[in-house]
Amino acid sequence: MSETAVTSERKVILAAAIGLALFLVFTELAPTAGRSAPSNFAPGKKVPVRITLVSADAYDLACAGSEAVADARCAFEKDGSPSEAAKSGKGILAPYMTVDNVLVLIPDLWSEPALAARLERDQPQGKNRDELKRFNARCDLDVQRKVSGFFVRWLPTAAWSARDDAWAGTISGCSID
């Protein structure tokens with residue numbers, strides 16, 4: 001290969017690398033359509049959210065706290081003991097993350113028809129979480145209020161992690177990406 005061809009090849013590779021770097025920087029900094037920023041949240045407002053999930057989240061995620069939202073409570077009290085909600089099995093708040101890394105507390109997410117159908121098709125029992133296919137749920141979040149001073153855990157065997165606050169509300173109209 002001639003020296004001119006090598007130089008041209010290097011220029012193409014360098015231009016592609018610069019283009020990729022600019023693309024990554026721009027997509028990280030530029031707002032995206034449908035982004036759920038906390039500034040969009042307010043009590044009584046309906047906000048579109050995209051929640052990132054695996055089917056094991058139906059059984060693994062939990063919060064501990066004393067506040068009620070839309071007649072729902074965390075499955076655990078702040079001291080780690082099961083709450084009345086956990087005993088009844090209904091109206092249980094759980095923590096979820098949006099694709100924009102916003103923590104939200106939502107009661108009974110998996111009773112939403114699209115998510116219940118997904119859970120039926122993709123049962124997590126006996127599977128490693130890492131083997132489960134991650135998916136996004138697009139839902140409308142009816143923001144109820146901000147919850148303060150609670151704990152979350154992402155696995156039943158994980159330690160509780162204190163959180164200052166998060167928005168909580170009910171969801172509707174979910175579809176799976």
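A charge sits over a ring if NZ of Lys or CZ of Arg is within 6 Å of the ring centre and within 35 degrees of the ring normal. Here, the charged end of Arg-118 sits over the ring of Phe-135, 4.0 Å from its centre. This is a predicted model, where local features need pLDDT of at least 70 and side-chain atom pairs count only at pLDDT 80 or more, while totals for chains, interfaces and linings use all residues. Residues are numbered from 1 along each chain as its sequence is written, and side-chain values use heavy atoms, with hydrogens and water left out.

**Overall layout**

- The protein chain has 4 helices and 7 strands, taken as DSSP runs numbered from the N terminus (helices are H or I with at least four residues, strands are E with at least two).
- Starting at the N terminus, the order of elements is α-β-α-β-β-α-β-β-α-β-β.
- Of the 177 residues in the protein chain, 35% are buried (buried means under 20% relative accessible area, exposed over 50%, partly exposed in between, with a 1.4 Å probe and protein chains only).

**Nonpolar cores**

- A nonpolar core is a set of buried Ala, Val, Leu, Ile, Met, Phe, Trp, Tyr and Cys residues joined through side-chain atoms within 4.5 Å.
- The largest one holds 23 residues, and Phe-41, Leu-53, Tyr-96 and Leu-109 touch the most other members.
- Strand S6 (135-153) is one of the elements that give two or more residues to this core, and S6 gives the most, with 5 residues.
- Beyond its neighbours within four places in sequence, Leu-109 is in contact (heavy atoms within 4.5 Å) with Ile-51, Leu-53, Tyr-96, Leu-115 and Ile-171.
- There is also a second, separate core of 12 residues, including Ala-72, Leu-93, Leu-105 and Val-152.

**Aromatic rings**

- The count of aromatic pairs is 3 (rings of Phe, Tyr and Trp, the last by its six-membered ring, pair if their centres lie within 6.5 Å; planes under 30 degrees apart are stacked, over 60 edge-to-face and the rest tilted).
- Phe-41 and Trp-167 have ring centres 6.3 Å apart and planes at 65°, so this pair is edge-to-face.
- Phe-41 lies in the loop between helix H1 (3-29) and S1, and Trp-167 in strand S7, so the pair ties together parts that are 126 residues apart in sequence.
- Both Phe-41 and Trp-167 are buried.
- Phe-76 and Trp-160 make another edge-to-face pair, at 5.4 Å centre to centre with 65° between the planes.
- Phe-76 counts as buried at 17% relative accessibility, whereas Trp-160 counts as partly exposed at 29%.
- Arg-153 lies over the face of Phe-76, at 4.7 Å from the ring centre.
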